[in-house]
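I am opening my notebook on this protein. I will write down what I look up, one topic at a time.

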Amino acid sequence: MKTDRNPGLGSALVAALLCVSTARAQEQPLSAEELYERISPSVWMVEVRRTDSAAMGSAVVTAPGTLITNCHVVAKTTQIVVSHGSQVHAATVRHRDPTRDLCELRAPGVVAPAVNIGDWSRLRIGAKLYAIGNPRGLELTLSDGLLSGIRRDSRGALEALQISVPISPGSSGGGLFDTYGRLVGITTGGFPDAQNIGFALPATWIAELPRRAGMAPGTITPDPGPSPAPQSPEDPARIASIRPPHPQHPESKAAPAVFEYQLRDRLTGLVRRVVYRVDRREAGLVVINGGTRVEDVEGRVVTLTAAIAGEFEEAMPPGGWVLGGKAPDQNWSGTYMAVGDGRPFGMELRSAWQGEEMVQVAGRALRAMKVQFKGFTTRGGGARTNPPGSYSAVAWYSPELGRVVRFEARTRGGLGHTAFVVDEVLELTGVRSE
């Protein structure tokens, strides 16, 4: 009779095989039912209130009290609320990366499982994918499709994942998951006039969001610690805490309280009055129009929640068209997502300082820096393949007033019903104190 000389070896082998079997079982793809049951608690609805409207989108929980959504979902908003069934919590923007259209929300009251983030680069064209979001306000809608393309810009950099998963308004900011339930993308939009063509932003970008937000000019990056109570974006205490004190500009001590502009559409001849009223100056910030616009003392835009000056604000680069009063700062190039009328569009610009000119503002001669912008814009229906339009703009910035006093912009592009054309001039016509 043969005996086992090492009985412990056999039991160890059995245990190892059981571990391998268990690991393999855990790696098995999930059914649609299993995936929805596991992931749906982590996808929330985002509701925003603007000065004259309201909108909704989606967000995904990535850590306790932390959600990721598209920046265009929470742009120009005066209040953000996240909800899941009967749970409703106030939220604020913690990090913004408008170039990639990703924003991180802070909502201390949210208690939900954090999703696992997967690597999109391991997917092949044709991979099965699932989306969970809130299209047209229909909470926690599950849809499926395929990875149908990898879209890159003219330099070969990754721009978006193209998917056949149906995407509708309200889906923006929702989660795109592989068959193992890992987050591989944030759904961001689709073609309104085409079937099964949608786009998602790679989930691997989420890890880079805090660093990129800190690097972006004019980006709001609040203290990451939880606040004792939710605060609205225009709360004075929050505004004072989101940016370190800026040294007071010597020419801003007796700055005017009201700046009145005239916006003229050169295509239609229509003229509109635009007024910026300074509410207060504190902690190196200038709070304007009830907090819907916040600048530093050199006119760089810290936050903007209501665009009232046409192309000047809708297509504005992060931080503003002119970054302070130094000539070297004006020579830059880059791409970013502009907000427009609530639907984001792409901008690719290079700028160049053109010297100084004397300009007339309300009958007064002022020295102004002239900065020129050239490049391209893609807009119209949110379609990334809509033919881009060439873009040109010029801004005149007064160091004395700490702001742009004249701005001109022209662009034309697109085809058919997605064609677009802009030809606008914004001029400062009045400066006064109140």
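**Entry 1: a cavity**

Which residues lie nearest the centre of the second largest cavity? I note first that the model is predicted. I looked up the lining and found 15 residues. Arg293, Gly299, Phe312, Arg403 and Val404 are the ones nearest the centre. I then looked up the volume, and the second largest cavity holds about 120 Å³ of space. The count of cavities of 30 Å³ or more comes to two. I also checked which strands take part in the lining. Strand 16 (293-296) gives at least two residues to it, and strand 22 (403-413) also gives at least two.

**Entry 2: the whole protein**

I find five helices and 23 strands. The protein has 434 residues, and 49% of them count as buried.

**Entry 3: aromatic rings**

One aromatic cluster is formed by Phe312, Trp321, Phe373, Tyr391 and Phe407. I count five aromatic pairs in the protein. One of them is Trp321 with Phe373, an edge-to-face pair. Their centres are 4.9 Å apart, and the planes make an angle of 75°. Where do the two partners sit in the chain? Trp321 is in the loop between helix 5 (311-314) and strand 18 (333-338), while Phe373 is in strand 20 (residues 364-378). They are 52 residues apart, and the pair links distant parts of the chain. I checked burial too: Trp321 and Phe373 are both buried.

**Entry 4: arginines over rings**

I looked for charges over ring faces. Arg100 lies over the face of Trp205, 4.3 Å from the ring centre. Arg379 lies over the face of Phe345, and there the distance to the ring centre is 3.9 Å.

**Entry 5: Asn134**

I moved to the loop between strand 7 (128-133) and strand 8 (141-152), where Asn134 is found. Is Asn134 buried or exposed? Asn134 has a relative accessible area of 1%, so I list Asn134 as buried. I then looked up the polar contacts of its side chain. A polar atom of the Asn134 side chain lies 3.2 Å from the backbone oxygen of Trp44. The side chain also reaches the backbone nitrogen of Leu140, at 3.0 Å. Beyond its neighbours within four places in sequence, Asn134 is in contact with several residues, including Met45, Gly57, Ser58, Pro169 and Gly170.

**Entry 6: Ser164**

Ser164 is in another loop, between strand 9 (158-163) and strand 10 (175-177). The relative accessibility of Ser164 is 18%, and the cut-off for buried is under 20%, so Ser164 counts as buried. The side chain of Ser164 reaches the backbone nitrogen of Leu146 at 2.7 Å. Leaving aside neighbours within four places, I list Asp144, Gly145, Leu146, Ser148 and Asn196 as contacts of Ser164.

**Entry 7: Leu366**

I ended in strand 20, where Leu366 is found. Leu366 counts as buried because its relative accessibility is 2%. Which residues does Leu366 touch, not counting residues up to four places away? I list Glu357, Met358, Val359, Val361, Ser398, Glu400 and Leu401. I took one of these, Glu400, for a distance check. Leu366 and Glu400 are 34 residues apart along the chain, and their C-alpha atoms are separated by 7.8 Å.

Key. Residues numbered from 1 in each chain as written. Predicted model: local features only at pLDDT ≥ 70, side-chain atom pairs only at ≥ 80, totals over all residues. Heavy atoms only, no water. Helix = DSSP H or I, 4+ residues; strand = E, 2+ residues; numbered from the N terminus. Buried < 20%, exposed > 50% of the residue type's maximum accessible area, 1.4 Å probe, protein only. Polar contact = N/O pair within 3.5 Å; in protein donor to acceptor, adjacent residues only side chain to side chain. Contact = heavy atoms within 4.5 Å. Phe/Tyr/Trp six-rings, centres within 6.5 Å; stacked < 30°, edge-to-face > 60°. Lys NZ or Arg CZ within 6 Å of the ring centre and 35° of its normal. 1 Å grid on protein atoms, 1.4 Å probe; cavity = no way out; pocket = protein on both sides within 12 Å on 5 of 7 lines; lining within 4 Å. Points joined across faces, edges and corners; volume = space filled by probe spheres on them.
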